[in-house]
Amino acid sequence: DIIFIGRATKQKNLTLLLQAIKNTNYSLTVVGEEKYDKKIIDFINNNKINVNFLGKINNDKLPNLFHSHKIYVICSLYEGSPKSLIEAMACGMAVIGTNVEGSKDIIVDGFNGLISNLSSEILSEKITFLISNNNLRKKLSLNSREYINSNHSLQKIVETEYSSYSGLI
């Protein structure tokens, strides 16, 4: 149902997502480091959360992985340029992100994704709402892909970088 990509760090805040889905039947795929501490593993086991840890995978496998899930969730405490979010949206994923710098600079709430605060209850409500609403997922999916193509394409990034460097010279 849900895919999460991130390092095993406090910043990526996997704990929030686990708390949000602990009383649901949703399945979660975690991509990234598998060095999660014992507290997280115990929390998963004690709450019988269906989690599949894939570890690190090659980027060329991400599109198929994204397409095999209903939603992508990024619940970081802070972000710079959240590449996994951009990749998910470029693949046409319906996304939920936390209301933090980086994520909220890309997600337009209700247009190309949903924004949640750092409350597990609110995040749980948003996840349930999005998973149960196929039409909204389709709308967000189309808008997210279009938004990334228009604002975060390779051409746009090169132009921005060139402009930044040109301004320094």
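Author: Let's get the terms down first. Buried means under 20% relative accessible area, exposed means over 50%, and partly exposed is in between (1.4 Å probe, protein chains only). This is a predicted model, where local features need pLDDT of at least 70, side-chain atom pairs count only at pLDDT 80 or more, and totals for chains, interfaces and linings use all residues. Residues are numbered from 1 along each chain as its sequence is written, and side-chain values use heavy atoms, with hydrogens and water left out.

Searching the whole structure turns up 4 salt bridges, each being a side-chain nitrogen of Lys or Arg within 4 Å of a carboxyl oxygen of Asp or Glu. One of them joins lysine 70 to aspartate 1, at 3.8 Å from N to O. Lysine 70 sits in the loop between helix 3 (62–67) and strand 4 (71–74), while aspartate 1 is in the segment before strand 1 (2–5), so this pair ties together parts 69 residues apart in sequence. Helices (H or I, at least four residues) and strands (E, at least two) are DSSP runs, numbered from the N terminus. Aspartate 1 is partly exposed at 22%, and lysine 70 is partly exposed too, at 36%.

Next, glutamate 79 meets lysine 12 at 2.7 Å, N to O. Glutamate 79 belongs to the loop between strand 4 and helix 4 (83–90) and lysine 12 to the loop between strand 1 and helix 1 (14–21), 67 residues apart. Both residues, glutamate 79 and lysine 12, are buried.

Then there's lysine 38 with aspartate 42, at 2.8 Å. Both lie in helix 2 (residues 38–46), 4 residues or about one turn apart. Lysine 38 is exposed at 59%, whereas aspartate 42 is partly exposed at 28%.
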